[in-house]
Amino acid sequence: MNSAEQFCVSLLNNCRTLRSLQHFHARAAVTGLDSDPLVAGKLLLHSAVHLSGALDYARRLLLHNPCPDTFMYNTLIRGFSDSASPQNSVSTFSLMLQNLDSPVDSFSLAFTLKSAANMRCLRTGTQLHSQALTRGLHTHLFVGTTLISMYAECGCVEFAQNMFDEIPEPNIVTWNALVTAFFRCVDVKGAERVFNLMPAKNLASYNLMLAGYTKLGEFEFARKVFDKMPIRDEISWSTMIVGFAQHGCFNEAFEYFRELHKLGITPNEVSLTGALSACAQAGALEFAKILHGYIEKVGFVWMIPVNNALTDTYSKCGSIDMALLVFQRMPGEKSIVSWTSIIAGLAIQGYGEEALSLFHEMEYSGIKPDGILFVTILYACSHSGLVEKGDEIFDRMTKIYGITPEIEHYGCMVDLYGRAGQLAKAYDFVSKMTISPNAVIWRTLLGACSFHGDLQLAERVKRKLSELDPKNSGDHVLLSNIYAFAGKWKDVATVRRSMAELKLVKTPGWSMIEVDKVMHTFVAGFKEDDAVIKEAYEKLKEVMLRIRVEGGYVPEVVNVLHDIEEEEKEGSVMVHSEKLAVAFGMGRLTKGKIVRVVKNLRVCKDCHNVMKLISEVYGLEILLRDRSRFHSFKNGSCSCKDYW
Ligand code: ZN
Ligand code: ZN
């Protein structure tokens with residue numbers, strides 16, 4: 001490198017934005033240095049790989065270069081292989097094939113193969129395989145290994161095995177790729193066989209086994225491998241913690257976390273955010289608080305992703321005050337993810353105005369909102385009945401920020417109008433959508449018709465839904481509710497018959513509650529032999545009696561239909577899982593504590609009513625997160641204003 005080139009490269013490495021890169025390019029062009037092969041190559045590398053959002057620029061650099069070399073082609077292929085548009089790697093590769101001055105090498109093949117794997121495109125993959133064959137590069141370690149991964153991603157584990165067998169001297173990376181391939185194709189036995197055949201194993205191989213097992217929920221095997229590992233690193237621990245947590249085994253996740261702590265090992269960011277996201281899913285507030293304390297103690301507080309996860313966790317556990325506190329104390333610059341998590345947290349609990357004011361604060365701070373944030377903010381408007389605000393935000397999104405609305409944005413708008421009872425407006429909006437409405441959009445509208453008892457529109461909407469998604473049990477339930485509401489029992493019977501004929505599968509319902517840092521899961525129904533269920537059931541009987549006498553509770557027989565999606569039998573309304581979980585919490589938690597329950601499905605009308613009465617009769621606060629939102633029951637009413 002001469003001194004001019006050296007100077008150029010150091011300037012280039014300081015370019016952090018596309019704009020500064022363009023400036024640099026313009027200045028280099030004045031001096032003619034941009035046609036220096038070394039500078040041109042570095043410029044392309046910087047825009048394709050090191051800088052985000054500059055891939056298009058990189059492509060233009062290549063196209064305008066009079067004699068691009070192999071390195072330049074490979075750089076662009078590599079850039080695209082990690083991007084959202086991996087197909088561009090393939091087109092760059094084709095371009096390269098036409099240019100005889102820049103021969104394809106192992107890197108060109110390996111990076112394009114990676115793109116084929118990302119696209120799961122077997123056709124492209126096999127074409128590249130034959131390109132590798134004609135060049136004698138298919139058994140090259142780097143190429144061979146990516147071929148194995150490509151076949152695995154495309155679901156062809158036998159091809160991956162054949163490819164492996166052709167490689168004369170596979171190294172540990174190749175072996176590991178084959179283990180991953182078997183797990184990828186859900187072949188646990190195959191993965192074990194390869195693992196046992198490996199001549200030497202490194203830590204990464206053991207970690208792959210752990211990751212493979214935990215991902216498939218094979219915890220017994222995972223534990224066995226974990227126990228016999230000669231050494232473990234933070235990845236081994238985080239894999240176990242996150243793996244257990246993701247499968248809802250919070251007690252086990254917690255157990256590993258404690259053990260890790262006892263050994264004096266600092267968990268990494270992955271295991272912390274993973275454990276936090278598990279808490280968020282389960283609504284495990286106490287565990288989240290422990291993790292928070294830990295994060296403060298070991299000094300992870302300055303990490304933005306950890307803070308974001310913490311904000312999200314507190315929001316989803318229903319502790320919005322803590323979420324706000326974490327958000328406000330976040331050090332340094334908050335990212336768009338930080339803002340989105342806190343706004344979503346406020347939205348899901350019905351704090352629409354607060355969500356909007358934070359949104360404006362964010363705009364003021366100079367952060368440009370993205371499509372995801374707009375979904376969140378529109379959701380906030382619809383769940384707080386802010387119709388005009390929602391209209392305004394939708395306009396702002398399209399006109400000021402130039403964001404093209406996607407199906408989720410439309411869904412929020414339909415929900416917004418529907419909740420507010422503006423059904424005609426909602427229907428009109430759907431008819432005018434620029435993309436064709438999917439089943440979710442129509443379902444949202446059907447839900448609104450059900451809530452507002454508009455039988456005529458409901459039937460029209462249901463016809464649309466029957467074309468798009470005839471086998472959805474929820475839609476049938478909604479329609480039958482509307483008929484029941486209108487007293488049309490014959491129609492109710494017809495809907496139920498057609499449900500039976502279609503053999504619609506219902507998702508089983510469960511509810512979870514954390515008591516003394518242990519998660520308890522309840523399912524509908526009553527099992528005599530389970531001590532915890534028995535305890536919950538006894539308490540529930542007592543509670544039901546008291547709300548009947550003091551609160552005037554009458555079971556909602558008509559609306560039993562409301563939720564037959566999950567818990568059909570009339571008798572079992574009494575023992576819906578959320579009732580059991582709440583009763584259990586009432587028996588176990590200290591007085592004055594909020595009872596927090598998470599339910600995987602929508603809460604039914606009867607349970608909703610029961611919670612309201614409990615909150616009134618017992619002077620208790622209940623926070624129930626169901627599939628669609630948070631319900632905060634206080635003094636006999638709910639934050640959702642009976643619409644969910
Ligand atoms: Zn229920
Ligand atoms: Zn509610």
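C607 is buried, at 0% relative accessibility, and its SG atom is one of the donors to the zinc ion (ligand 1). The model is predicted. The protein chain holds 33 helices and six strands, and 52% of its 644 residues are buried.

**Zinc site**

- The zinc ion (ligand 1) is coordinated by ND1 of H576 together with SG of C604 and SG of C607.
- Along the chain, the donors of the zinc ion (ligand 1) are spaced as H-x27-C-x2-C.
- C604 has a relative accessible area of 3% and is buried; C607, at 0% relative accessibility, is buried too.

**Chain as a whole**

- The C-alpha trace of the protein chain spans about 90 × 60 × 55 Å along its principal axes.
- Taking contacts in the protein chain between residues at least 6 apart in sequence, 64% join residues at least 24 apart.

**Helix pair α19 and α20**

- Helix α19 covers residues 304-316 and helix α20 covers residues 320-329.
- The two helices pack at an angle of about 165°, and their axes are 7 Å apart.
- Angles over 145 degrees count as roughly antiparallel, so α19 and α20 are roughly antiparallel to each other.
- The crossing of α19 past α20 is left-handed.
- On the α19 side the contact involves N307, L310, T311, Y314 and S315, which meet I320, M322, A323, V326 and F327 in α20.
- By class, the residues of the contact of α19 with α20 are seven nonpolar, three polar and no charged.

**Helix pair α21 and α23**

- Helix α21 (residues 336-348) and helix α23 (residues 371-383) have axes that come within 8 Å and cross at roughly 20°.
- Angles under 35 degrees count as roughly parallel, which makes α21 roughly parallel to α23.
- α21 passes α23 in a crossing that is left-handed.
- From α21 the contact takes in W339, T340, I343, A344, A347 and I348; from α23 it takes in I372, L373, T376, I377, Y379, A380 and H383.
- The residues of the contact of α21 with α23 comprise 10 nonpolar, three polar and no charged.

- The axes of α15 and helix α17 (residues 269-282) cross at roughly 10° and come within 9 Å.
- With the limit for roughly parallel set at angles under 35 degrees, α15 and α17 are therefore roughly parallel to each other.
- S238, I241, V242, A245 and Q246 of α15 make the contact with V270, S271, G274, A275, A278 and Q281 of α17.
- The contact of α15 with α17 has six nonpolar, five polar and no charged residues.
- T239 also lies in helix α15, which covers residues 234-246.
- The relative accessibility of T239 is 15%, and buried means under 20%, so T239 counts as buried.
- Not counting residues up to four places away in sequence, T239 touches L210, A211 and T214.

**F254 in helix α16**

- F254 sits in helix α16 (residues 250-262) and counts as buried at 5% relative accessibility.
- Leaving aside neighbours within four places in sequence, F254 contacts F287, I290 and K517.
- F254 and K517 are 263 residues apart along the chain, and their C-alpha atoms are separated by 8.9 Å.

**Residues with positive phi**

- Most residues other than glycine have a negative phi.
- R120 has a positive phi, near 50°, and is a residue other than glycine.
- R120 is in the loop between α7 (106-119) and α8 (122-134).
- N635, likewise not a glycine, has a positive phi near 45°.
- N635 is placed in the loop between β5 (630-634) and β6 (637-638).
- Exposed means over 50% relative accessible area, and N635, at 65% relative accessibility, therefore counts as exposed.

Definitions and conventions: Residues are numbered from 1 along each chain as its sequence is written. Chains are lettered from A and ligands numbered from 1 in the order in which they are written. This is a predicted model: local features need pLDDT of at least 70, side-chain atom pairs count only at pLDDT 80 or more; totals for chains, interfaces and linings use all residues. Side-chain values use heavy atoms; hydrogens and water are left out. Axes are lines fitted to C-alpha atoms, for helices over the stretch in contact, and angles run from 0 to 180 degrees between N-to-C directions. Helices (H or I, at least four residues) and strands (E, at least two) are DSSP runs, numbered from the N terminus. Angles under 35 degrees count as roughly parallel, over 145 as roughly antiparallel, 65 to 115 as roughly perpendicular and the rest as oblique. A crossing is left-handed if the near helix is turned anticlockwise from the far one by less than a right angle, and right-handed if clockwise. Contact means heavy atoms within 4.5 Å. Ala, Val, Leu, Ile, Met, Phe, Trp, Tyr, Cys and Pro count as nonpolar, Asp, Glu, Lys and Arg as charged, and the others, Gly among them, as polar. Donors are N, O and S atoms within 2.8 Å of the metal (3.2 Å for Na, K and Ca); water is not among the atoms, so sites may look incomplete. Buried means under 20% relative accessible area, exposed over 50%, partly exposed in between (1.4 Å probe, protein chains only).
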